[in-house]
Amino acid sequence: MARIFLFRHGQTTDNRDHIFSGKRDPDLTEEGIKESEKIRDVLKNEKVTKAFTSDRIRSKKTLEIVLEPHPGILPIIDNRIRERDYGELTGLNKDEVAKKYPDLYPLWHRSYETPPPGGESLKDVEKRVLEFLTDLKMVLSPSDTVFISASANSLRPIRRFFEQMTPEEMSTFEHEPAKVYSYEI
């Protein structure tokens, strides 16, 4: 069976400052670099054959660091594993939005079906991420070891797929910094 190692990008300036990133392209913080190095150290002895990331700096830089012990592996960019589009909330401070819209914030932030104004719901993200997984399964061989560097909300549907979570479970869990999830397919 092919093995998949899934991890969230390291901390960004937007993560640190509680900003809805979405389509924004913030860089990693020093802490984000350290988190990426921890992931690298966990995966350094794996025989990676394929590596995927979105086009966002945060995911690409994280994967670049993780691949340091694996020369010759070229990352494949796939925008279907890009972060959720937060629409009109993009660039806004999460704490301020929660204060201004206490009833709507929980829906916009983590509801499975309710998108933020002008943005994507987690259900929308799941649709494109599952298309990515379907295509990935078609190109995998049993000897493949795959690294996937993605954002929190694109990791949610991948974990839901492998861990058989409900939409509610998928919507509410938090990703532990520098945590690597592994699956067989």
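**Close-up 1. Gln164 sits in the loop between α7 (152-163) and α8 (167-172).** The model shown here and in the other views is predicted. Gln164 is not a glycine, yet its phi is positive, at about 55°. Most residues other than glycine have a negative phi. Gln164 has 64% relative accessibility and counts as exposed. Ala178 belongs to the loop between α8 and β5 (180-184). Its phi is also positive, near 65°, and Ala178 is likewise a residue other than glycine.

**Close-up 2. Strand β4 (residues 145-150) is largely enclosed by the rest of the structure.** The reason lies in burial: 6 of the 6 residues of β4 are buried, so the strand is largely enclosed. In a regular strand the side chains alternate between the two faces of the sheet. Both faces of β4 are covered. Thr145, Phe147 and Ser149 are buried on one side. Val146, Ile148 and Ala150 are buried on the other.

**Close-up 3. Strand β4 pairs with β1 (residues 3-8) and with β2 (residues 50-53).** The strands β1 and β4 run parallel and are joined by 6 bridges. Within this pairing, Phe5 has Phe147 of β4 as its bridge partner. The pairing of β2 with β4 is also parallel, over 4 bridges. Here Phe52 stands opposite Ile148 of β4.

Close-up 4. The buried residues in α3 are Arg58, Ser59, Thr62, Leu63, Ile65 and Val66.

**Close-up 5. A salt bridge joins the side chains of Asp27 and Lys61.** The N to O distance is 2.8 Å. Asp27 lies in the loop between α1 (13-16) and α2, and Lys61 in helix α3, so the pair ties together parts that are 34 residues apart in sequence. Asp27 counts as partly exposed, at 31% relative accessibility. Lys61 is partly exposed as well, with a relative accessible area of 35%. The count for the model comes to 17 salt bridges.

**Close-up 6. Arg40, Asp41 and Glu68 are linked in a network of salt bridges.** In the Arg40 and Glu68 salt bridge, the closest N and O atoms are 2.7 Å apart. Arg40 lies in helix α2 and Glu68 in the loop between α3 and β3 (76-77), so this pair ties together parts 28 residues apart in sequence. Arg40 is buried, with a relative accessible area of 18%. Glu68 is partly exposed, at 49%.

**Close-up 7. Arg160 and Glu126 form a salt bridge.** Their closest N and O atoms are 2.5 Å apart. The pair links distant parts of the chain, with Arg160 in helix α7 and Glu126 in helix α6 (residues 122-139), 34 residues apart. Glu126 is buried, with a relative accessible area of 7%.

**Close-up 8. Tyr101, Leu104 and Leu107 make a nonpolar surface patch.** The patch covers about 230 Å². Leu107 is in helix α5 (residues 105-110). Leu107 has a relative accessible area of 36% and is partly exposed.

Definitions and conventions
Residues are numbered from 1 along each chain as its sequence is written. This is a predicted model: local features need pLDDT of at least 70, side-chain atom pairs count only at pLDDT 80 or more; totals for chains, interfaces and linings use all residues. Side-chain values use heavy atoms; hydrogens and water are left out. Buried means under 20% relative accessible area, exposed over 50%, partly exposed in between (1.4 Å probe, protein chains only). Helices (H or I, at least four residues) and strands (E, at least two) are DSSP runs, numbered from the N terminus. Two strands pair if DSSP finds at least two bridges between them. Patches are made of residues with over 30% relative accessible area and no salt bridge: like charges are joined within 9 Å, nonpolar side chains (Val, Leu, Ile, Met, Phe, Trp, Tyr) within 5 Å. Accessible areas come from the Shrake-Rupley method with a 1.4 Å probe; for residues, only the protein chains shown count as cover. A salt bridge is a side-chain nitrogen of Lys or Arg within 4 Å of a carboxyl oxygen of Asp or Glu.
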